[in-house]
Every structure is written in structure tokens, then in C-alpha cells.
Amino acid sequence: MQTDAFHVFDTTLRDGAQREGITYSVADKLAVARLLDQLGVGFIEGGWPGAMPKDTDFFARAADGELALKNAVLVAFGATRKAGVRVEDDAQVQALLDSRASVITLVAKSSVWHVEQALRTTREENLAMVRDTVAFLVAEGRRVFVDCEHFFDGYALDRDYGVRLLDVAAAAGADVGVLCDTNGGMLPMGVHDVVTDVASRAGIRLGIHTQDDTGCAVANTLAAVDAGATHAQGTANGYGERAGNANIFSVIGGLVLKMGRDVLPDGCLAEMQRISHAIAEIANLAQDTHAPYVGAAAFAHKAGLHASAIKVAPLMYNHLDPEVVGNRQRILVTEMAGRASVELKARELGIELADRPDVVSAVVEIVKEREAAGWSYESADASFELLIRDQLDPDAVAPFTVESYRVISEDEGSAEARVKLAVGERKVIAIREGNGPVNALDRALRRALRRDYPQLRGLQLTDYKVRIMPGAQGTEAVTRVLIETTNGEREWTTVGVHASVIEASWLALHDAVRYGLL
């Protein structure tokens with residue numbers, strides 16, 4: 001279990017679920033909760049039982065044994081009693097008890113503007129709503145945190161009312177008062193000043209919840225911790241409404257690796273990238289490849305100058321060892337590549353070129369020439385590996401030779417492809433129809449090779465991307481095609497570039513099959 005000295009509080013399943021495009025099923029929520037528990041967070045806010053039927057079902061299934069958490073405690077979210085209603089008669093408060101969650105987060109208005117204009121009640125009644133609800137839940141054996149909504153905006157209007165609310169919550173038995181930058185408009189300097197002042201006056205443990213509308217959610221969270229907050233909230237991959245919330249992975253990275261806070265159980269930090277990607281898959285959202293710490297490009301280097309330094313010592317251009325957070329360093333080979341870039345990238349692919357300066361030189365020149373013509377190897381490791389191996393031993397990666405091919409497009413999107421190959425001493429011709437020219441070429445090529453290479457039956461094209469690249473004079477264009485292929489065990493990407501989309505596709509397809517036969 002996470003110690004109580006510092007709280008890492010995740011709200012992916014509640015606040016993060018408000019992101020446009022995210023809809024979790026109950027099974028999804030259970031799967032995400034298990035992943036967050038593996039990350040080692042202390043608290044997982046599961047949703048709003050009573051207000052959302054799906055969340056009510058989630059808590060019921062969790063309590064009935066479908067969610068066996070090892071590190072985290074499940075938290076139910078809800079509101080204080082309504083104005084003018086006895087807490088014992090408030091159905092929403094009762095639903096929080098019925099969730100069987102041991103920890104409950106209550107949202108409360110801490111801005112006088114919202115109290116008077118949104119709730120349409122008095123300041124004193126709002127404080128009574130907090131006092132009554134916290135005391136009622138504590139008496140029922142629940143641990144209570146209070147989210148002080150619009151705290152920072154409210155502080156700007158009345159610097160004392162939010163502190164009064166925190167003191168009322170503390171006196172009623174609340175454990176934490178969370179200062180919420182609900183509109184996401186704060187900057188780190190302002191957050192630090194406010195939290196420093198509030199910490200000196202309020203008699204309760206302080207937490208921080210930030211939105212990312214200024215792009216400062218993570219920085220604001222860390223500033224609040226530096227000023228005295230010991231409870232930090234965030235969401236996986238920064239999911240949330242509008243611009244999102246503080247990214248819990250970046251917050252944890254900052255706390256552990258930059259501020260020296262031991263906030264996760266042993267061994268959990270190295271799971272960050274895996275869990276980030278797994279949650280993105282469940283949310284059915286593309287992973288942000290450039291996300292700090294966990295993005296696939298977070299430790300990717302393109303410039304030859306960087307690669308030269310990294311060859312001497314990786315930390316010269318990395319702020320930490322990528323493996324600490326479960327990531328890895330990558331070298332991108334582009335027109336910026338120098339000899340060190342090629343050598344390091346080859347080593348990454350399992351090929352040692354330290355004693356082959358002739359191959360390194362040849363590859364550098366080919367890459368620069370091809371990149372100028374529109375090729376790109378930074379997203380096509382398989383094609384780059386074939387380029388290296390072609391320079392080392394062309395016969396080893398030429399299991400067949402293409403003599404000719406042609407494609408005939410037919411009505412309604414269908415096509416017929418004919419390929420003529422030499423496989424050893426044997427000539428092979430195959431003709432196949434397909435759903436479009438690329439599919440027809442793929443089927444014909446594999447048909448021609450089926451006798452000699454039966455393993456090709458397991459290859460499958462999983463993605464096909466086309467991009468039109470502007471010509472040097474802006475009047476001509478070439479087509480770049482990226483093809484992703486799998487054999488069921490691993491995936492690889494190949495590239496082809498040509499003025500004809502068919503020829504570009506054929507080049508990428510040809511590499512995909514060659515690589516599959518390595």
C-alpha cells in the first residue's frame with residue numbers, strides 16, 4: 001500500500017471520463033482500475049454512484065469482489081447535501097453510502113460567486129452543507145476528502161471564504177481539503193503563492209487538483225506540492241474535459257524523479273509506459289507519442305550532434321534513464337543523421353557496424369539522398385534495417401527478385417495484379433484479384449511465394465498510410481506510403497516513395513514481405 005505521508009490520487013474514471021470521445025463500459029472501468037492499481041496510486045476515484053447508473057454498477061461489482069486492489073483504495077465521488085435538505089434525507093448522499101466505498105470525495109463550492117449565483121444559497125448555508133455532509137459520512141465510518149471547486153478563482157474574490165470552508169470541513173472530520181483550479185486558468189507562480197498562504201492559515205491537510213487550460217496543469221500541481229500540498233490528483237494521459245487534467249504520469253515522474261518524493265511502491269515506476277499505453281487502448285484513443293516520460297518519442301533523438309554525444313554517454317541528451325519509467329531510447333535516422341546516428345540505430349536493431357565504416361558511410365549518403373526525395377525512415381525501422389543489410393550482404397535479404405508487375409483497376413474498386421518473380425532458378429508468375437490495387441498486389445506477391453515460403457500465410461497488413469509530399473519546386477509531388485505488417489508475434493513498418501501511389505505502395509509492400517522473411 002502507498003503510505004499516507006503523500007497521496008497520489010487518480011481520477012481517470014471520474015474526471016478523466018469527461019474527455020470528449022471517451023465512453024467507458026463497466027468492464028472498461030474495472031480494467032482501468034486494475035491498471036492504476038498496478039501503477040501503485042493510493043486512491044482511485046471510480047465515479048459518481050447514484051448520479052450515473054454505470055458508476056453505481058461499477059461500485060457494486062467492485063464491492064462484490066470483481067476488483068481486488070493491492071495498492072489503491074477505491075473512492076466514490078459525490079456532492080454535499082442540497083441546500084435546505086436534511087443530510088439524512090438526501091438520496092445522493094445515501095447513494096454514496098450504498099456504494100460501500102471506504103473513502104468519499106465531496107465536491108463543494110468554495111467561491112462566493114458560485115455559492116450565490118450557481119447554488120443560489122447563502123454563504124452560511126453552503127458552509128452548513130459541507131459541515132453536515134462530512135459529519136454524517138464520518139459518523140458512518142467513511143473517510144472524507146473535500147474537493148473545493150473553483151478555489152483559486154474564489155480566492156481572488158474573497159481570500160478568506162475558502163479557508164473558512166476548509167476549517168469547517170476539518171472540524172467536521174474531513175481528512176483532506178483539495179484546492180481545485182476548476183477553470184484551469186492558473187499559472188505556477190500564482191498557485192504557489194495561494195497554497196503557501198492557505199497552508200499557513202487552514203487547519204487541514206491540503207490537496208491539489210488542476211485542469212490544463214493554460215498548459216500548466218502538471219507544473220501547477222508540482223508548484224502546489226512545493227508550497228505544502230501532500231495530496232496530488234491527476235488522470236492517466238491527462239484525460240479530462242476541455243484541455244484535460246494534470247497528467248498523472250508526468251506528476252508522478254516529477255514527484256519521484258525531480259522532487260525526491262517516494263510516492264509509489266517499489267517496482268511500480270517502471271510500469272508507467274506500459275500502463276499509459278494500455279489505458280489509451282481501453283479509451284480507444286491514440287497514444288500521445290510525445291508525452292513526457294511515457295511517449296514513444298520521449299527519448300527519441302534525430303540530430304546527428306545529439307547521437308554523437310549519446311554514443312559517449314546517453315545522459316548527455318536524456319534527462320533520465322528511459323528504462324526507469326519503462327521507456328527506451330530511440331535513434332531516428334533522417335537527413336540530419338550522421339555516422340553516430342546510423343551506428344547507434346543499427347545497434348538498436350541488433351546490427352553492429354563499429355567495424356564497418358564503409359557501410360556506415362554508404363548508409364548515411366543513401367539516407368540523405370532519399371530523404372531529399374521524400375523518403376522518411378524515422379517511422380519505418382524495417383525498411384531502414386533492410387537498407388543496412390543490403391549494404392552488408394545483398395544476397396542475404398534478396399530471397400526473390402522482382403522481374404515485373406502490373407495492376408489493372410476494374411469497376412467498383414476491384415483490381416487485378418500480375419507479378420513475375422525469380423525465386424532461385426525458378427520463374428514464378430501469379431495473378432490475383434483484390435479489393436483495390438494494393439490488396440491485389442499483396443495477394444499476388446504472396447501467392448507467387450507461397451510454395452517456397454509458406455510462412456507468408458501468417459503475414460497480415462494492419463495499416464496503410466498515404467501522404468502526398470510537395471515537390472522541390474512546389475509543382476510536382478511524390479507519394480509516401482507507410483505499411484504496417486504483423487506476423488502475429490511482432491509488427492513492423494516499411495516505407496515506399498514514388499510519383500505513382502501504386503509504385504510507392506509496391507516498394508513498401510516489397511520491403512514488408514522481405515522483412516517478414518528475415
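Modeller: By class, the lining of the largest cavity has 5 nonpolar, 1 polar and 2 charged residues. Here Ala, Val, Leu, Ile, Met, Phe, Trp, Tyr, Cys and Pro count as nonpolar, Asp, Glu, Lys and Arg as charged, and the others, Gly among them, as polar. Bear in mind that this is a predicted model: local features need pLDDT of at least 70 and side-chain atom pairs count only at pLDDT 80 or more, while totals for chains, interfaces and linings use all residues. Residues are numbered from 1 along each chain as its sequence is written, and side-chain values use heavy atoms, with hydrogens and water left out.

Colleague: Which residues line the largest cavity?

Modeller: Asp442, Arg446, Leu459, Leu461, Thr485, Leu509, Ala512 and Val513. Helix H16 (437-449) and helix H17 (501-516) are the elements that give two or more residues to that lining, and H17 has the largest share, with 3 residues. Helices (H or I, at least four residues) and strands (E, at least two) are DSSP runs, numbered from the N terminus.

Colleague: How much space lies in the largest cavity?

Modeller: About 30 Å³. A search of the whole structure for cavities of 30 Å³ or more finds 1. On a 1 Å grid over the protein atoms alone, a cavity is a set of points where a 1.4 Å probe fits but cannot get out, and a pocket is an open set with protein on both sides within 12 Å along at least five of seven lines; lining residues have an atom within 4 Å of a point. Grid points are joined across faces, edges and corners, and a volume is the space filled by probe spheres set on the points.

Colleague: OK, pockets then. What volume does the second largest pocket have?

Modeller: About 530 Å³. It is lined by 25 residues, and Arg14, Asp15, Gln18, Trp48 and Phe77 are the ones nearest its centre. Helix H2 (53-66) and strand E5 (143-149) each supply at least two lining residues. By class, the lining of this pocket has 9 nonpolar, 7 polar and 9 charged residues.

Colleague: Switching topic: how many disulfides are there?

Modeller: The count is 0, a disulfide being a pair of cysteine sulfur atoms within 2.5 Å.

Colleague: How many residues of strand E7 are buried?

Modeller: In E7 (residues 205-210), 5 of the 6 are buried. E7 pairs with strand E6 (residues 176-181) in the parallel sense over 6 bridges; two strands pair if DSSP finds at least two bridges between them. Asp181 stands opposite Thr210 in E7.

Colleague: What does E7 do with E8?

Modeller: E7 and strand E8 (residues 231-234) also pair in the parallel sense, over 2 bridges. There, Gly207 stands opposite His231 in E8.

Colleague: Last one: how many helices and strands does the protein have?

Modeller: 17 helices and 16 strands. Of the 518 residues, 51% count as buried.

Key: Buried means under 20% relative accessible area, exposed over 50%, partly exposed in between (1.4 Å probe, protein chains only).
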